[in-house]
Amino acid sequence: MSRIHATTAAPADTFRLAPDSSNFVKASLMIAEPLTAVYSVFGHATLRMECPMYHLDYVFTFESDPDVSAFMTGIASTAKAKFVPVPAEVYIEDARKAGRELWQYELNLNLHEKQNLWRMLDEEVAAGDYRRFNLFYTNCLTTSILTVQRCLIGERFEWGPMRFPHTMIDGDVFRYSLRHAPWAGFLFITFCGSAYDDNSVTENRLTPETIVQMLRDAQIINDATGHRRHVVTDPGLRLVEGTPKPSSPLTPNVAFGALLVITLLITAVERWLRWKRLAWVYDVALFSAQAIIFALMVYMTFVSEIFNSYWNWYFVATFPLPLLLLFRRQSAAVARLWLVYSGVLTLFILATPLIALLDLPHQLVTATFLTRSLSHVPCPSVFTRKGSQSGAFPQG
């Protein structure tokens, strides 16, 4: 039982209560380093509550149902999440087994606020999984910090001046935070859409990497006296030393660069060696994948709304027109549609410097679609009615 008022445990003989009882309860923020799993690439934040007098020591961790995929159900915006109390020694040992670096920073709250925080966390545990989990707005760190803000009594929380990377828009903050996890970054950027350009409230754009410095700058202000104190003054205690995590050389740039090279080779052998069947099978596979991605993006935007987004520029690159054209009988109208589609993709690639969401790995994929789309466009000479090349538009 984590509730300090319900315990029947005997006081610790070696513990000495301070004259003002300020050390009766200790509240700390714990930060665990990122893991390779998609839903752990930002790291993990928890709240640790200790009552040394009664040997109580729990880590309150906000997480989704461990029996389901946090990422996939989060994408569907159906995963439920809740605070779970874990004995601190168990939580720390799990981090040690995983080789996951773990730091602890004591929160500069007064005694009544720490007791209030513990009470609120107990109530959260009792409430169960009533929240919907997502990776950005209802995550471990945001929920923990909001709980700390709500526990204040006769005081208010104020963030300090914003430092890099939080001076940037939301998408750039998350892109920076995922610079060491390129595949996760590619995935999140694909689906975030217009949310990329948002400037959300600070609580909705926190990352474990930057939160400690932000809390060192943040202050708690007494409403009656105006007295200020920093939220974190503790230099920090490393509880677990991490082990090196391997990184894969197969980044999105490498993978999609290779895909573009393969596409160029297939296009070349189609033109020069007349391997039409190979090219057609490749087009079906490529543009089927494009259509699947488009359908998933539509679902994410208009059904799941996990990113609170109503437009995504990557709709342009993934619009599944090519798959429909592949199964239409060749005609002048179909050829012109391939030409128009190729022109749209060309303009989309040229717009990369103008739209913050667009980046190199995604545009390598766009260039792959463009290469195969152009292969279906007849050469310019066919626009003359006297053209007799094999690639000419059929004359209607």
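Modeller: Gladly, bearing in mind that this is a predicted model; let us begin with Met30, which is found in strand β1.

Colleague: Why is Met30 called buried?

Modeller: The word applies to a relative accessible area under 20%, and because Met30 has a value of 0%, it counts as buried.

Colleague: What makes Leu239 a contact of Met30?

Modeller: Contact asks for heavy atoms within 4.5 Å, and with neighbours within four places in sequence left aside, Met30 meets this with Leu239 as well as with others, including His44, Val59, Tyr91 and Trp103. The C-alpha atoms of Met30 and Gly236 are separated by 9.5 Å, although the two residues lie 206 residues apart along the chain.

Colleague: How do you know that β2 and β3 pair?

Modeller: Pairing requires at least two bridges between the strands, and β2 (residues 44-51) and β3 (residues 56-64) have 6 bridges in the antiparallel sense, so they qualify as a pair. Cys51 stands opposite Leu56 in β3.

Colleague: What makes β6 and β10 edge strands?

Modeller: In the open sheet of 7 strands, the order is β6-β4-β3-β2-β1-β5-β10, with antiparallel pairing. The strands β6 (131-132) and β10 (237-240) each pair on one side only, and that is what marks them as edges.

Colleague: Which helix packs on the sheet and touches β10?

Modeller: That is helix α2 (residues 88-97), which also touches β1, β2, β3, β4 and β5, and whose direction makes about 105° with that of β4. Helix α4 (residues 140-150), for its part, lies across β2, β3, β4 and β6, running at about 40° to β2.

Conventions. Residues are numbered from 1 along each chain as its sequence is written. This is a predicted model: local features need pLDDT of at least 70, side-chain atom pairs count only at pLDDT 80 or more; totals for chains, interfaces and linings use all residues. Side-chain values use heavy atoms; hydrogens and water are left out. Helices (H or I, at least four residues) and strands (E, at least two) are DSSP runs, numbered from the N terminus. Axes are lines fitted to C-alpha atoms, for helices over the stretch in contact, and angles run from 0 to 180 degrees between N-to-C directions. Buried means under 20% relative accessible area, exposed over 50%, partly exposed in between (1.4 Å probe, protein chains only).
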